[in-house]
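Here is a colleague's note to be read beside the coordinates. Please keep the model open and turn to each residue as it comes up.

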Amino acid sequence: DTPRGAFPVTRMRRMRRDAFSRRLMRETLLTPDDFIYPVFVLEGRGQREAVPSMPGVERLSVDLLVEEARRIAALGIPVMALFPVTPPSAKSEDAREAFNPDGLAQRAVRALKDALPELGVVTDVALDPFTTHGQDGLIDASGYVLNDETVEVLTRQALSHAAAGADVVAPSDMMDGRIGAIRAALEEAGHIHTRILAYSAKYASSFYGPFRDAVGSAANLGGGNKYSYQMDPANSDEALHEVALDLREGADMVMIKPGLPYLDIVRRVKERFGAPTFVYQVSGEYAMLKAASQNGWLDERAVVLEALVSIKRAGADGILTYYAKDAAEWLSD
Ligand code: PBG
């Protein structure tokens, strides 16, 4: 306690006074090394489409994707994540397009690894872009997503990605046991270096809306929801249980999704397991920041960098973000 009339013993503001001491005591640094850049991939050549609910985000055909990848690599971003936009004619009840060796995702991986072997490529392992009902798995007559049958298809899908040259397969489906099944199949097929980034704590979030528009699964899903496999936003211990299982089953990295509303989960996961931990700053988070910025209500560059550094401060080793390219540019200014 400060006696009356005396000065505070500790003046917290001393270290904040000048840029040099603020820089010196800064704990968390954001760099382009922290980012995974997601891209929506289209069929065709020379195709580029805007995503209305995500201004600034475009779907790209494979040739333009390769051009974009050169810019991403030049900015120092280590890795890209691919999300194919499946034409309606290729969707089916059984999602067989998911493991087509010549499917869009598989062709995109081959093109990227041919052109830019050093740039890491992550593929999405889930069935929702390929099913006529928009669920992440196969369903029974009541619409329930079948676990073990789905895991078999996911395993074939992951193998087809690895065969195409994917560096990282990222199951985003939330079926039980899929990490173990995929790991075993990869080992058996000799893909011993393929990393698994497990979406371990993926919440049944309403922040995914714009993504479902972007990949064209929103209409398929209709009024359906994913509550029987994605996690309840009210739960936290359950996330630790999920992460423990995925690590035991052979995940190399774990993901928490969405980002900003779930930073308590990020902190708990990082403290408990000390494993490589990633956050998906999802489409709805992007849309919120973008909309407020476009209205002039927020300073885009400042709020985006603040959100990203906060995710890292909470314990993330890296962030999958639609803002990766902008942020890398801002950081290099
Ligand atoms: C589906 C998938 C989703 C996202 C990534 N993979 C949507 C969903 O679970 O319905 C959402 C990502 C985002 O909102 O940016 N496998």
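The points below go from confidence and overall shape to single helices, the ligand and a few backbone details.

1. This is a predicted model, in which local features need a pLDDT of at least 70 and side-chain atom pairs count only at pLDDT 80 or more, while totals for chains, interfaces and linings use all residues. Residue numbers start from 1 along each chain, following the sequence as written.

2. The pLDDT, the predictor's confidence in each residue on a scale from 0 to 100, averages 96 over the protein chain, and 98% of the residues score at least 70. The model as a whole scores ipTM 0.97 and pTM 0.96.

3. The protein chain holds 13 helices and ten strands, these being DSSP runs numbered from the N terminus (helices are H or I, at least four residues; strands are E, at least two). Its radius of gyration is 21 Å, close to the 20 Å that the globule rule gives for 333 residues, so the chain is as compact as a globular protein of that length; the radius is taken over C-alpha atoms, and the rule is 2.2 Å times the number of residues to the power 0.38. Along its principal axes the C-alpha trace spans about 75 × 45 × 40 Å.

4. Buried residues make up 44% of the 333 residues, where buried means 20 or more other C-beta atoms within 10 Å of the residue's own, exposed means 12 or fewer, and partly exposed lies in between, with C-beta atoms placed from the backbone. Of the contacts with a separation of 6 or more, 74% are between residues 24 or more positions apart, a contact being two C-beta atoms, placed from the backbone, within 7 Å.

5. Just after helix 5, Gly 165 takes a positive phi of about 115 degrees.

6. Which residues surround the ligand? They are Asp 124, Ala 126, Asp 128, Asp 136, Ser 172, Asp 173, Tyr 208, Phe 211, Arg 212, Lys 226, Val 282 and Ser 283, each with its C-beta atom, placed from the backbone, within 6 Å of the ligand. By class, the shell has four nonpolar, two polar and six charged residues, with Ala, Val, Leu, Ile, Met, Phe, Trp, Tyr, Cys and Pro counted as nonpolar, Asp, Glu, Lys and Arg as charged, and the others, Gly among them, as polar.

7. Ser 283 is also one of the buried residues of helix 11, and the cover over the buried residues of that helix includes helix 7 (209–215), strand 9 (277–281) and helix 12 (300–313).

8. Two backbone details deserve a look. Met 174, in the loop between strand 6 and helix 6, has a positive phi of about 70 degrees although it is not a glycine, and with 24 C-beta neighbours inside 10 Å it counts as buried. Lys 257 and Pro 258 are joined by a cis peptide bond, with omega about -10 degrees, and Pro 258 lies in the loop between strand 8 (253–257) and helix 10.
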